[in-house]
Each structure stands twice: as C-alpha cells, then as structure tokens.
Amino acid sequence: MAREVVDAMTMRRALTRITYEIIEQNKGVGNLVFIGIKTRGIYLAQRLAQRLKQLEGVDVPVGSLDITLYRDDHHAIDVQGQAKLNGAEIPVDINGKHIILVDDVLFTGRTVRAALDALMDQGRPAKISLAVLVDRGHRELPIRPDFVGKNIPTALDEQVSVALEEHDGHDGIAIEKLNN
C-alpha cells in the first residue's frame with residue numbers, strides 16, 4: 001500500500017524553490033539548457049523552464065534524453081515500463097552550454113551516470129548540474145545533486161513513486177514497500 005508523502009502543492013513549491021536556486025547560482029540564465037531524463041524528468045524540466053520564464057522572462061531550451069541504451073543495471077526496484085530507445089532530442093547545440101540534467105528520483109546514481117554518458121555523446125557542455133525532485137539516498141556511485149526538491153530517506157525495500165499530471169493524471173510522491 002503506497003502512502004503519499006508529498007502532495008501537489010508541496011511538489012509545486014519544491015519546483016519553485018529549485019527554480020529560484022538555479023537563478024541564484026547562475027549569474028544570468030542565458031547559457032542554460034534543461035535536459036530531462038525520460039520519462040518524468042522531461043515533464044519536470046519543462047515545468048522548471050516554464051517557471052523560469054515566469055520569473056525571469058527568459059526562454060530556456062528543454063531537451064530530453066533516453067538513457068536505456070546506456071544502462072548497466074536493471075533492478076527489480078526500477079520503475080516499471082522503462083522508456084523505449086529514442087536517443088536524445090535536444091533543440092540546441094550543447095557545446096559550451098550549462099546543462100541542467102533533470103530527473104524525478106535520485107537513488108543509486110546509475111541513471112545519472114548513464115545520462116552523463118549519453119549527454120557526452122551529444123557534445124561537450126561547459127558545465128553539467130543535476131536537479132532532482134527527490135533524493136532518496138542509497139548511492140552506489142559518487143553522484144550528488146546540485147538542486148533537490150525533497151530529501152526523502154527510504155529503506156532499500158521501499159519504492160518512491162513520483163506522479164505527474166502530464167503522465168499520471170495527478171501530482172504527488174508516494175512511498176510503497178516492495179514485496180520480496
């Protein structure tokens with residue numbers, strides 16, 4: 001049985017806070033490109049770009065990355081229904097840009113490592129930062145997010161599920177104990 005730990009309003013506030021942190025840490029936002037990791041990272045990247053436009057009046061390009069080809073793991077704990085292999089859809093040249101890689105949940109770090117590999121196949125950015133809605137801990141690789149919506153400590157036998165209006169019909173974050 002899943003229990004909701006973050007509701008739609010709290011999620012919206014977390015994304016707004018991430019947007020403000022991005023603005024504060026970057027002297028100007030003209031060199032930024034948001035790249036979402038499929039599937040939910042894309043919708044989060046689009047929301048961050050929309051919020052940035054509202055706050056700063058600047059259109060930040062948004063791209064997507066499908067990292068399936070680059071994965072080195074397939075745990076039972078992974079979200080079901082992984083994205084199909086479609087590669088990258090990035091509307092601008094990323095060489096020399098500051099890329100903000102966006103994902104829903106940071107867990108072991110393996111998805112981010114795969115995304116970095118996929119991104120480097122696309123070009124050579126000046127800088128890459130990581131924004132995640134949820135950091136649940138349990139890292140297996142030395143990867144740390146630059147922007148975090150919520151730190152949610154979990155047990156290894158729990159799964160964090162992020163629901164987004166664009167994909168799931170509602171916003172929220174839930175934790176569910178896995179049946180082993």
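User: I would like to learn how to read strand pairing here; which residue in β9 stands opposite Val160?

Analyst: Keep in mind that this is a predicted model. Val160 stands opposite Ile175 in β9, and the two strands concerned, β8 (residues 158–163) and β9, run antiparallel and are joined by six bridges. Ile175 is also the bridge partner of Arg3, and here the pairing is between β1 (residues 3–6) and β9 (residues 172–177), which is again antiparallel and extends over three bridges.

User: Which residues of α1 are buried?

Analyst: The buried residues of α1 are Met11, Ala14, Leu15, Thr16, Ile18, Thr19, Ile22 and Ile23.

User: Where do I look for a nonpolar core, and which residues have the most contacts inside the largest one?

Analyst: In soluble globular proteins, nonpolar side chains tend to be buried together. The largest nonpolar core of this model has 29 residues, and Phe34, Leu133 and Ile173 are those with the most contacts inside it. At least two residues of this core come from each of α1, β2 (32–37), α2 (40–56), β5 (98–106), β6 (127–135), β8 and β9, with α1 giving the most, namely six residues. Setting aside residues up to four places away in sequence, Ile173 touches a set of residues that includes Arg3, Met11, Leu133, Ile152 and Val160. There is also a second, separate core of 18 residues, among them Leu65, Leu106, Val132 and Val148.

User: Is Ser64 buried or exposed, and which residues is Ser64 in contact with?

Analyst: Ser64, which lies in strand β3 (residues 62–65), counts as buried because its relative accessibility is 6%, and the cut-off for buried is under 20%. Leaving aside neighbours within four places in sequence, the contacts of Ser64 include Ile35, Gly36, Lys38 and Ile42, as well as Gly87, Ala88, Glu89 and Ile90.

User: How should I read a database annotation, and which residues does "PRPP-binding" cover?

Analyst: An annotation of this kind may be inferred rather than shown by experiment. According to the unreviewed UniProt entry, the short sequence motif "PRPP-binding" covers residues 99–111. Over residues 99–111 the chain is 62% strand and 15% helix, with end C-alpha atoms 16 Å apart.

Methods
Residues numbered from 1 in each chain as written. Predicted model: local features only at pLDDT ≥ 70, side-chain atom pairs only at ≥ 80, totals over all residues. Heavy atoms only, no water. Buried < 20%, exposed > 50% of the residue type's maximum accessible area, 1.4 Å probe, protein only. Helix = DSSP H or I, 4+ residues; strand = E, 2+ residues; numbered from the N terminus. Pairing = 2+ DSSP bridges. Core = buried A, V, L, I, M, F, W, Y, C linked by side-chain atoms within 4.5 Å. Contact = heavy atoms within 4.5 Å.
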